[in-house]
Amino acid sequence: ARLLRGYSVTAMENIALWHERDISHSSTERIILPDASEIVFYMLKRMQGLIEGLNVYPKNMLANMAKTQNAIFSGSILLALIDKGFDRQKAYALSQEAAFCANQKNISMQEACLLNPEIKNVLSDKEIAACCDIKTQLKNVDFIFNKALKKKRR
């Protein structure tokens with residue numbers, strides 16, 4: 001990854017002088033383009049092996065999420081507040097406050113949001129529930145995987 005990142009610096013330096021191309025540009029490109037392609041191929045093959053050999057335990061994943069009082073949903077709350085007109089800093093502060101409250105009171109993120117008057121004034125109970133529902137977060141997974149499989153078959 002570091003080598004590939006280093007090649008990106010060289011490539012970016014070539015862009016600055018795109019209107020004044022000379023031998024120094026093509027000489028670096030002759031090295032970085034094939035080498036970077038090989039590096040990316042190697043990285044993807046390693047990642048493929050990692051993913052193919054991955055063991056997934058959904059029950060353990062849900063248990064680990066529950067240990068954090070489902071604070072992972074703070075991002076969904078943040079985005080919902082932004083959609084309702086809050087600026088990002090205020091929305092972040094409110095979602096962070098709810099996550100801390102959930103942890104301190106040992107309640108779910110959803111319950112913490114329902115206890116927060118500023119969040120409750122903007123988001124309905126149904127909207128908060130949707131933000132804190134794993135099914136909402138995963139609703140497009142099948143679509144994404146099916147799309148990827150169709151591309152792979154081509």
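Some ground rules: residues are numbered from 1 along each chain as its sequence is written. Since the model is predicted, local features need pLDDT of at least 70 and side-chain atom pairs count only at pLDDT 80 or more, while totals for chains, interfaces and linings use all residues, and side-chain values use heavy atoms, leaving out hydrogens and water.

Okay, the largest pocket. It holds about 350 Å³ of space. A pocket here is an open set of points on a 1 Å grid over the protein atoms alone, where a 1.4 Å probe fits, with protein on both sides within 12 Å along at least five of seven lines; lining residues have an atom within 4 Å of a point. Helix 2 (23–52) and helix 10 (141–153) each supply at least two lining residues, and helix 2 gives the most, with 5. Helices, by the way, are DSSP runs of H or I, at least four residues, numbered from the N terminus. The lining, which includes E52 and F145, divides into 6 nonpolar, 1 polar and 2 charged residues.

The second largest pocket has about 160 Å³. Its lining is 7 nonpolar, no polar and no charged, with 4 residues from helix 3 (residues 58–67).

Last up, N116, in the loop between helix 6 (109–115) and helix 7 (117–122).

Terms used. Points joined across faces, edges and corners; volume = space filled by probe spheres on them. Nonpolar A, V, L, I, M, F, W, Y, C, P; charged D, E, K, R; others polar.
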